[in-house]
Amino acid sequence: MLHIVNKSPFDTGSLASVLRVAKKDGGAVLLIEDGVYAAVKNSATEASLKAAGMPVYVLQPDADARGLQSRLMEGVNMVDYGGFVDLVAGHDNVQSWL
Amino acid sequence: MSDDMDFEEGGTIKKFMFVNRKAPYGTIYALEGLEVVLISAAFDQDVSLAFVDDGVFQLVKGQKTDGVEMKNFSPTYRALEGYDIEKLYVDRESLEARGLTEDDLLVDVQVMSAAEMGDMMAQQDVVISF
């Protein structure tokens, strides 16, 4: 399952819930909109993403808009809108954690 | 121009603080807050801006919004100086939790502790939160 998070981890518990609940086998996390802030290097959330046990993807246009181009942690995968579509198509199902 | 044209004279100057606690782009709060700050500049009041929690993300350098087709309003923070709005306060703990330092910010700010921020807030006549 692809888990999409669009809220800042500092503002809501969406990402924390994903990392707590999601089945890691076959799971993936896609950070979009304010969700991308979770992947900032040296942030309080970096460690939890490193320990996600699933691939973590970041939507590049949203990261760029927020000035995060060179401020993201190692180990996350950048995707564009086409990559977003591929992720959705490539998983059996999708959950948007609003 | 005669002195009696100066209708601001004798007017009360109040201390206004705008508290920004939301990230830019994900919601409209940051942009709307900035608009109100610019409007407030027309009233010759003692205006300051505080950036707390996700509000610190509003000031991150290098915002590039072409890909999301939204207006990049971050350069406006640099123009505030031209409106005599020079008191920009940033909460240190909020920066640190988000992996940011003062060098990541696009304007000169005063980085301060929570206690100092609390003191600043307590000194205000009016506090408006976005």
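Predicted model: local features only at pLDDT ≥ 70, side-chain atom pairs only at ≥ 80, totals over all residues.
Chain B contains four helices and five strands, and its helix α1 has buried residues that line one face. Between the two chains, 19 residues of chain B are in contact with 21 residues of chain A.

**Overall form of chain B**

- Followed along the sequence, the four helices and five strands of chain B are arranged in the pattern β-α-β-α-β-α-β-α-β.
- Taken along the principal axes, the C-alpha atoms of chain B fill a box of roughly 55 × 35 × 25 Å.
- Of the 130 residues in chain B, 33% are buried.
- When contacts in chain B between residues at least 6 apart in sequence are considered, 72% of them join residues at least 24 apart.

**Helix α1 of chain B**

- Helix α1 of chain B, covering residues 29-40, has twelve residues and reaches 16 Å from its first C-alpha to its last, which is close to the 16 Å expected at 1.5 Å a residue.
- The buried residues in α1(B) are B:Ala30, B:Gly33, B:Leu34 and B:Val37; seen down the helix axis, the buried residues of α1(B) fall within an arc of 100°, and they therefore line one face of the helix.
- The face of α1(B) turned away from this buried side carries B:Glu32, B:Val36 and B:Ile39, which are exposed.
- The elements that cover the buried residues of α1(B) include, from chain B, the strands β1 (15-20) and β2 (46-51) together with the helix α2 (75-79).

**Strands β1 and β2 of chain B**

- Strands β1(B) and β2(B), both among the elements covering the buried residues of α1(B), pair with each other in the parallel sense over six bridges.
- Within β2(B), B:Ala50 is the residue that stands opposite B:Val19.
- Strand β2(B) is mostly covered, with five of its six residues buried.

**Contact between the chains**

- The contact between the chains involves 19 residues of chain B and 21 residues of chain A, and the side of chain B that touches chain A divides into eight nonpolar, six polar and five charged residues.

**The largest nonpolar core**

- The largest nonpolar core has 55 residues, of which A:Val29, A:Leu30, A:Leu31, A:Val36, A:Ala39 and A:Val58 touch the most other members.
- Leaving aside neighbours within four places in sequence, A:Val36 is in contact with A:Leu31, A:Val58, A:Leu59, A:Asp62, A:Ala63, A:Arg66 and A:Leu68.

How values were computed:
Residues numbered from 1 in each chain as written. Chains lettered and ligands numbered in written order. Contact = placed C-beta atoms within 7 Å. Nonpolar A, V, L, I, M, F, W, Y, C, P; charged D, E, K, R; others polar. Core = buried A, V, L, I, M, F, W, Y, C linked by C-beta atoms within 7 Å. Buried ≥ 20, exposed ≤ 12 C-beta atoms within 10 Å, placed from the backbone. Helix = DSSP H or I, 4+ residues; strand = E, 2+ residues; numbered from the N terminus. Expected span 1.5 Å × (residues − 1). Arc of directions from axis to C-beta. Pairing = 2+ DSSP bridges.
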